[in-house]
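Here is a walk through one structure, taken a step at a time. Keep the sequence and the 3D view open while you read.

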Amino acid sequence: MIVYADLGCAHCAAAWTEIAARPAQIVFRHFPVASKHPRSPALHAAAEAAGLQGHFFEMVDSLYADRGHVDDPHLWQRAERLDLDLERFEANRRSPEVEARVRRDFESGIRAGVTTTPALFSSEGRV
Amino acid sequence: MIQAGEPAPDFTLRNQDGEKVSLSDFRGEKVLLVFYPLDFSPVCSDQLSVYQEVKPEIETKGVRMIGISVDSGFAHKAFQEKLGIDTPLLADFEPKGEVARAYGAYIEKTGHANRSLVLVDEEGTVEWVHESPTPLEIPGANLIFDALSPDA
């Protein structure tokens, strides 16, 4: 199941526990709507950077579980709790490669007609 | 609803800053008119927020995007600020819905525009129209890009 989600979105946060519990492989696609959630791009970059150290979904779980603490120091705390190499985390989340990866996912969502989040797609089409 | 090939009715409305904006101001450019029901309603908020994310790409293709609803300029200003968008929003306020009616986009029963997209070409002719089956259904931005690149 492909999930286009915005890490700054309350609807996504509310639905995430149920989505993550579904008996299907979840493919998370970044869909930050920055105009609506200005911190979203940073949160998605943080998740992607955590993923580069093998802890993508743990970071996603963390960000959805606590949406009130999302400034940089809070992201560092989250990274530390996941035992991430902080220097590498920082370099990765600010890198053009991570930005491009997030943007690529977003554009795939646009092409697929995503307009609200979360947006779920199974092999049968839009859920 | 107006159809492709018809001349796009000219209009003059005030934007969120109280400035007069006419469709004819954009002769020589393509214009995407985004008719939507109401500022601050949940569906409208999502639509314009998503379009904001791809606005640079739309503009790169030589298209100006303009939102139109029956809300006042004051509501438009607050709506822009709330959403963090800079898409110009025009007030089809008085006479209420006159421009939406001219495009066949006004819903008399509910007193607001439907949810539709009208692409006007450089000469002022309607090039493409999409009307959502219901006001609750947001036209994906992919439809806009498909309309701008029909041979792709």
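How many helices and strands make up the secondary structure of chain B? There are four helices and nine strands in chain B. This is a predicted model. Read from the N terminus, the elements of chain B run β-β-β-α-β-α-β-α-β-β-β-β-α.

Start with overall dimensions. Along the principal axes, the C-alpha atoms of chain B fill a box of roughly 40 × 30 × 30 Å. A compact globule of 152 residues would have a radius of gyration near 15 Å, and chain B has 14 Å, so the two agree. Of those 152 residues, 39% count as buried. Take the contacts in chain B between residues at least 6 apart in sequence: 64% of them join residues at least 24 apart.

Now the sheet. Seven strands of chain B form an open sheet, in the order β2-β1-β5-β4-β3-β8-β9. The pairing is mixed. At the edges lie β2 (20-22) and β9 (126-131) of chain B, each of which pairs on one side only. Neighbouring strands of this sheet are turned by 30° against each other on average, direction ignored.

Strands of a sheet pair through backbone hydrogen bonds, either parallel or antiparallel. Strand β8 (residues 116-120) of chain B and β9(B) run antiparallel, joined by five bridges.

Helix α2 (residues 73-83) of chain B lies across β1 (12-15) and β5 (89-91) of chain B. The helix runs at about 160° to β5(B).

Where does chain B touch chain A? In this contact, 14 residues of chain B meet 12 residues of chain A. On the chain B side, the elements that give two or more residues are α1 (42-60) and α4 (141-148). The largest share, seven residues, comes from α1(B). By class, this side of chain B has six nonpolar, six polar and two charged residues.

Finish inside chain A. Helix α2 (residues 40-51) of chain A packs against helix α6 (residues 96-111) of chain A at an angle of about 110°, with the axes 9 Å apart. The two helices, α2(A) and α6(A), are therefore roughly perpendicular to each other. From α2(A) come A:Pro41, A:His44, A:Ala45, A:Glu48 and A:Ala49. They meet A:Val98, A:Glu99, A:Arg101 and A:Val102 in α6(A). By class, this contact has five nonpolar, one polar and three charged residues.

Note on methods
Residues are numbered from 1 along each chain as its sequence is written. Chains are lettered from A and ligands numbered from 1 in the order in which they are written. This is a predicted model: local features need pLDDT of at least 70, side-chain atom pairs count only at pLDDT 80 or more; totals for chains, interfaces and linings use all residues. Two residues are in contact if their C-beta atoms, placed from the backbone, lie within 7 Å. Ala, Val, Leu, Ile, Met, Phe, Trp, Tyr, Cys and Pro count as nonpolar, Asp, Glu, Lys and Arg as charged, and the others, Gly among them, as polar. Axes are lines fitted to C-alpha atoms, for helices over the stretch in contact, and angles run from 0 to 180 degrees between N-to-C directions. Angles under 35 degrees count as roughly parallel, over 145 as roughly antiparallel, 65 to 115 as roughly perpendicular and the rest as oblique. The radius of gyration is taken over C-alpha atoms; the globule rule is 2.2 Å times the number of residues to the power 0.38. A residue is buried if 20 or more other C-beta atoms lie within 10 Å of its own, exposed if 12 or fewer, and partly exposed in between; C-beta atoms are placed from the backbone. Two strands pair if DSSP finds at least two bridges between them.
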